[in-house]
Amino acid sequence: MRLAGGGPVIPNFGQGSSCVTGDHVFCWGWVKAHWGDTLGPALVQHIELTLIAVAIGFAIAFPLALLAHRYHRLEQPFGTVAALLYTIPSLALFQLLVPFTGITRTTIEVALVSYTLVILFPNIMAGLRSVPADVIEAAQGMGLTRRQVLWRIELPLAVPSIIAGLRIAVVSTVAIATIAATLLRDGLGSPILDALQDPIPFKTEIYSAGLLAVALALAADTVLVALRHVLVRWPRNAE
Amino acid sequence: MTIADVANLHTFVDAFRFIGDNPHFLLEKAWQQIELSLAALALAAVVALPLGVVLGHFHRFSGLAIGASIFGRAVPSLVLIAAFLTVLGIGFANNMVALAILGTGPMLTNAYDAVDGVDRDAVDAARGMGMTGGQVLARIELPLAIPLLFTGIRIAAVTIVATAPIAAIAGGGGLGDIIVNQASYRLAGVLGASFCVMLLSAGVFLALAALQSAVTPKGLRRSTLGRAPSS
């Protein structure tokens, strides 16, 4: 949005540069002029939305997965609920939470956290289950207790799978968080929705905010790949 | 929208009343959304499935198949729809193409993996019996690839149906029209439409899961319902 608080129907379409008023494909000048008041803050909000959602999602999914790993009967119910939850369109889920938490960032986060659970839980489970039985037997033979087997053998070997889950969760959350702007102007979806409401959709705003969202997703993914290299010291083909 | 609208759980009662009062309107909107989804799914299938199957048969360009799935995840649907709107204008075509691109990723990746991953021994045996490349594809690789091929179609269909409501911001119609227009329909209408969207998506998900076990060759059947969306 070029001017907060509305005003006339076509706020400052006429005040823009010839590039903006002429509906050119991309106006670099506009991006530089509005980085501080539009794109920058939206990017920061988007990073906050994503980090909070993935952090809380992991904090819930991790103990749940340990629980399901210990009591195998719980896994199938968790899995089915998760798969069904994932089919709820985000546009609808944001709205369906409004009677409980209002039009607030909490509502956005509850929805985003739910989607991360659906991705993280099965990936953590898959990682724990991928540990070869003879490795666990060897550990037990060396006298490790059940708890020691979990923390010293199973979890370290599950790290690649857990990070794979985190990668999907982060990238998906960045994408879904753009839709949160339909509920509350927050994150990179806001400039896009604002641009769509102009009489002629403002291309520069759509493209720049869209590119930022894609770049954020790819950057976060790269960070997690780097984290994997730090945490996983054994060669890839030995997994 | 008033404050009372927001804070009150009775809004759910109003939402169901809205559904009860406007069944024809909601059905019409739901049908718009189904039409758009079907068109997008068909377009995606026509492009992605043959390409994935042929590339898988020749075991070539695996990077394209992997790239398609990464692209599909990293580009938000809202961005895709908004970007296509600036190119194709408001309306059906823009949304159909944007949704089809979303569906292409999972279909291409799974079609490639499905055919590429067919047991080499089975393929070699078929060749040894004198089958041509086309016969191997039609009689060995495709039947064995069906479960994974269908998984791709299923993921694409669920993704497209779940994303279609967002098309409302770009003139796509459908139930999303109601959800993004709280000024006209109030919170009750928005919630009512959200319920319908949710039911529609869950219905498509369950129907396709049932269809999948029906089309899977007998020897390959196993449960697929509880599997993670990430796999």
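Reply: Chain B has a mean pLDDT of 84, and 90% of its residues reach 70 or more; pLDDT is the predictor's confidence in each residue, from 0 to 100. This is a predicted model, in which local features need pLDDT of at least 70 and side-chain atom pairs count only at pLDDT 80 or more, while totals for chains, interfaces and linings use all residues. Residues are numbered from 1 along each chain as its sequence is written, and chains are lettered from A and ligands numbered from 1 in the order in which they are written.

Within chain B, confidence is highest in helix α3 (residues 23-58), at a mean of 93, and lowest in α1(B), at 49. Two stretches of chain B have pLDDT below 50. One is residues 1-5 of chain B, with seven contacts beyond near neighbours in sequence; the other is residues 223-231 of chain B, with 19 such contacts. Two residues are in contact if their C-beta atoms, placed from the backbone, lie within 7 Å. For the model, ipTM is 0.80 and pTM is 0.82.

The secondary structure of chain B consists of 10 helices and zero strands, and its elements run α-α-α-α-α-α-α-α-α-α from the N terminus on. Helices (H or I, at least four residues) and strands (E, at least two) are DSSP runs, numbered from the N terminus. Along the principal axes, the C-alpha atoms of chain B fill a box of roughly 75 × 40 × 25 Å.

Axes are lines fitted to C-alpha atoms, for helices over the stretch in contact, and angles run from 0 to 180 degrees between N-to-C directions. Angles under 35 degrees count as roughly parallel, over 145 as roughly antiparallel, 65 to 115 as roughly perpendicular and the rest as oblique. A crossing is left-handed if the near helix is turned anticlockwise from the far one by less than a right angle, and right-handed if clockwise. Ala, Val, Leu, Ile, Met, Phe, Trp, Tyr, Cys and Pro count as nonpolar, Asp, Glu, Lys and Arg as charged, and the others, Gly among them, as polar.

The axes of α3(B) and α6(B) cross at roughly 30 degrees and come within 6 Å. α3(B) is therefore roughly parallel to α6(B). Their crossing is right-handed, and the contact of α3(B) with α6(B) has 23 nonpolar residues, seven polar and one charged.

α6(B) (residues 92-116) also packs with α5(B), at an angle of about 140 degrees and with the axes 9 Å apart. α5(B) and α6(B) are therefore oblique to each other, and they too make a right-handed crossing. From α5(B), the residues in this contact are Ser77(B), Leu80(B), Ile81(B), Phe84(B), Leu85(B) and Leu88(B); they meet Ala93(B), Asn94(B), Asn95(B), Val97(B), Ala98(B), Ile101(B) and Leu102(B) of α6(B). By class, the contact of α5(B) with α6(B) holds 10 nonpolar and three polar residues, with no charged ones.

Further along, α7(B) (residues 120-128) and α8(B) (residues 133-163) pack at about 160 degrees, with their axes 10 Å apart. α7(B) is therefore roughly antiparallel to α8(B). The crossing of this pair is right-handed. Ala122(B), Val123(B), Ala126(B) and Arg127(B) of α7(B) make the contact with Val136(B), Ile140(B), Glu141(B) and Leu144(B) of α8(B). Six residues in the contact of α7(B) with α8(B) are nonpolar, none is polar and two are charged.

The contact between the chains takes 40 residues from chain B and 43 from chain A. On the side of chain B that touches chain A, the elements giving two or more residues are α1 (3-7), α2 (11-21), α4 (62-74), α5 (77-88), α8, α9 (176-179) and α10 (182-215) of chain B. α10(B) gives the most, with nine residues. This side of chain B divides into 30 nonpolar residues, nine polar and one charged.

Chain A has 10 helices and zero strands.
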